[in-house]
Amino acid sequence: MLQNYIKIALRNIANQKSYSLINIAGLAIGIACCLLILQYIRHELSYDRYHEKAERTYRVTFSGNFGSGDDLNFASVAAPTAEALVRDYPQVLEATRLYAPDGQRYRLSHRDMTFIEKRVAFADANIFEVFTIPLLRGDPATALAEPSTIVISEAMADKYFANHDPVGKILTFNSETDYLVTGVFRDIPGNTHFHLDFLVALATLEASRHPGWLNNMSFHTYVVLRQGADANQLQAQLPGMVRKYCAPIFEKYRKKNFEELTADGLWLRYTLQPLTDIHLHSDLQHELEPNGDIKRVYLFGAIALVILLIACINFMNLSTARSASRAKEVGIRKVVGSRRAQLISQFIAESVVVTILALVLGLLLAELALPYFNNLARQELQITYVGNAILPAMLFAIVLFVGVLSGSYPAVVLSGFRPIAVLTKHGTGISSHSWVRSGLVIFQFAASIVLVVGAGVVFRQMQFVQNKKLGFDKEQVFVLHDAYLLGSRLAAFKHELLTKPEIASATATGYLPVTSERTEDVVQPEGEHHESGSTIQKWTVDFDYVKTMRMKLVQGRDFSKEFATDSTAAIVNEAAVKVFGWDEPIGKRIRDLVAVNPKRYVNYEVVGVVRDFHFESLRDKIGPVALLPGRSSDFVSLRLKTNELAQTIGWIKTKWDAFVPGQPFEYSFLNQRFNEMYRNETRTGSIFGVFAGLAITLGCLGLFGLASFTAERRTKEIGIRKTLGASVTSVVRLLSWEFTKLILFANIIALPVAFVAMNSWLQGFAYRPTLGPELFILAGGLAFVIALLTVSVQATRAALADPVRTLRYE
């Protein structure tokens, strides 16, 4: 029986080539899109699951508020936290730490080779007991037990030591400190929340033994629970750690008991975060790397489902539209004894056969499109067929889902024909199902319009980001990396650069108004009601920073070497003035509260106020910032005034080589670093646009097929109308109106849905454009015009046909 079904299916495909081509091509495109997106989703959901103890491993995070200012939400904690967790809580089997300062770069040397490396972290000796990081050389129990030891990845072993065994060799950091290589680990997979090539013994750092619970909260701390331990029970006990270790510090220096401080707004909390949740569910301060977003996974999953449904709807509509051509076949089968269940099985089997053919073509399309999709999504996905148990299950599920979903409705419709009616040419014997087809077409185009609006809103937001006044000028700013290599010669190097007319100004600092170093601390502004202090960004800059970044002073003055007291001067932004509650900020003082110890206060006098400038994503409101004079030499930023960039950069390199011969010359531009802050949004918009285009293409493909069959069904009617004097235009209008009204209904449904959805997405940005009607009108109009052109092509062909031939039709 199954063999017979397959033969009939293949015969029908061969006999109805155009119909079959539309069906198979549409399903293949839908399946290819679905496969690519499912591969992306599978990759995102796999993060950190390869670790053997992943289900029992948690990261300890810190959140709180010291009594005023913004809340703190750190992915890291203080140095003694790990030891205390193992000591005080029997549920904790192991605790380990990673220390990787934000944006830190290291100059590593071996013999005559020197490279700048960023994927470096200091780690406890038991790192290999917590994470599955196999050592190819060395002993995991002792590799990081001693200070000044290091283990390196397999890729770095090849890079620095070629074919030689690196164990026992020396790597030099920043031309100062030698580290003994004690092991080589297998390259860390891409699906992890940290990507490291160098693990340095944390015992090397004095900071790793600092006893302070509120100092240097930069240690990413992970715990492994014992078998059977309840994480929720441990979480419920963590407030005791706050009370035991943190509360006494505040009580000592603020002269109040912890309950009073809590009433004043102080709160502290430690949280256990599952290791497998970090990548998609965590967006804290001081993350090791930018993470993904579960909302993006849901979004792409919805897009995959919508595109697959659109392809399935094409199949349903075309199958039911062709019902008249198979009515006599159904009638004969019923007369000779076929039951309805058998007919339904036959039509579903035909649908599955078409789906299998579409799947083969879809796999080919997915392979061809994979490099482009990887480039679009910034991934390195592969479709692995051998040794991949998930892929066959995924493909089987797609065939079953698409085949049954696409074939079920046509099967029910076709199997319902009454034999007497169809064999005596009195119709199909069932009521019209055109309203169902109409509803499916409306759904197709409504979904497509929502995707088009989504792509447009994302694109518009990115344009808004690019064109918004940021409070500084990001154009023509050349950023030279690793300026710390200059050491004491930094000032001389900067002076030398300023001798070139094409360089307007220069500033040396690690703090840029884009992704770079950040220091958030508590300061106490002058005035009442500030006993607890306020959380603020503190940026160490030189005297030329405001000028080079072209920030606008709204009150007071810039730093100046003419004022000897400017070593303890401060320039704050407008947000800081609002937080501090100052009416006249110039001359006010802020005390830098290092930790919570009054003996270590440093006083700064405010000499200027700059207009608020964006230093984080436009998702975030502008927070308070204080610019403080000092030495921070990660970058030298140069304001250029030339169009001859290549020549100027070459001259800068010549000076760099003269000051630090043999050292790598690396640079970027401030606007490039700014754009990197929005790469996820830009990527989302691009993917939105591509799949919105495919959705409309699929919808039009189905619409073209329906228009063809409508014209075919009404061939004799068209001939009679033309014989009676109907014009080509009136015939085209007649045939087109049936479909254009569906697109109008689709717009009525889609535009409000799109508005609600995209307005919700825009709420994630503190700064966004007004969502006006023009974008929605444009998207709806675009879908309408494309659909109208698609239908009109087929309608015009039918209208231009010779009436003599059409009257002889059938």
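1. **The loop holding S148.** S148 sits in the loop between β7 (135–137) and β8 (149–153). The model is predicted. Look at the backbone here: phi of S148 is near 60°. That is a positive value in a residue other than glycine. S148 is partly exposed, with a relative accessible area of 28%.

2. Where is Q476 placed? Find it in the loop between α15 (434–467) and β14 (477–480). At 30% relative accessibility, Q476 counts as partly exposed.

3. K474 and E475 join their side chains in a salt bridge, 3.5 Å from N to O. Is K474 buried or exposed? K474 counts as buried, because its relative accessibility is 7% and the cut-off for buried is under 20%. E475 has 36% relative accessibility, so it counts as partly exposed.

4. **Other salt bridges.** How many salt bridges does a search of the whole structure find? The search finds 26. Side chains of opposite charge can pair when their charged atoms come close. One of the pairs is D544 with K547, whose closest N and O atoms are 3.8 Å apart. D544 is buried, at a relative accessible area of 19%. The cut-off is under 20%, so D544 falls on the buried side of it.

5. D566 forms a salt bridge with R557. Their closest N and O atoms are 2.8 Å apart. D566 is buried, with a relative accessible area of 1%. R557 counts as partly exposed, at 24% relative accessibility. Elsewhere, salt bridges that share partners link E83, R87, D88 and K244 into one network.

6. Helix α23 covers residues 728–762, which is 35 residues. What span should we expect at 1.5 Å a residue? The helix should span 51 Å, and its end C-alpha atoms are 47 Å apart, which agrees. Now follow the axis. At W737, α23 bends by about 45°.

7. T740 lies in helix α23. T740 counts as buried, at 9% relative accessibility. Which residues does T740 contact, leaving aside neighbours within four places in sequence? They are F784 and L788.

8. **A leucine patch.** L361, L364, L365 and L368 make a nonpolar surface patch of about 330 Å². L361 belongs to helix α12 (residues 340–377). L361 is partly exposed, with a relative accessible area of 33%. To read the patch, recall one rule. An α-helix has 3.6 residues a turn, so residues three or four places apart point the same way. Check the numbering of the four leucines against that rule.

9. **L268, a link across the sequence.** L268 is found in strand β13 (residues 266–274). L268 counts as buried, at 11% relative accessibility. What does L268 touch, not counting residues up to four places away in sequence? The list is F62, S63, G64, F66, V242, C246 and F250. N65 makes the point about folding in another way. L268 and N65 are 203 residues apart in sequence, yet their C-alpha atoms are 6.5 Å apart in space.

How values were computed. Residues numbered from 1 in each chain as written. Predicted model: local features only at pLDDT ≥ 70, side-chain atom pairs only at ≥ 80, totals over all residues. Heavy atoms only, no water. Helix = DSSP H or I, 4+ residues; strand = E, 2+ residues; numbered from the N terminus. Expected span 1.5 Å × (residues − 1). Bend = angle between axes of the 7 residues up to and from the residue. Patch = residues over 30% accessible without salt bridge, like charges linked within 9 Å, V, L, I, M, F, W, Y side chains within 5 Å. Areas by Shrake-Rupley, 256 points an atom, 1.4 Å probe, with all protein chains shown as cover. Salt bridge = Lys/Arg side-chain N within 4 Å of Asp/Glu carboxyl O. Buried < 20%, exposed > 50% of the residue type's maximum accessible area, 1.4 Å probe, protein only. Contact = heavy atoms within 4.5 Å.
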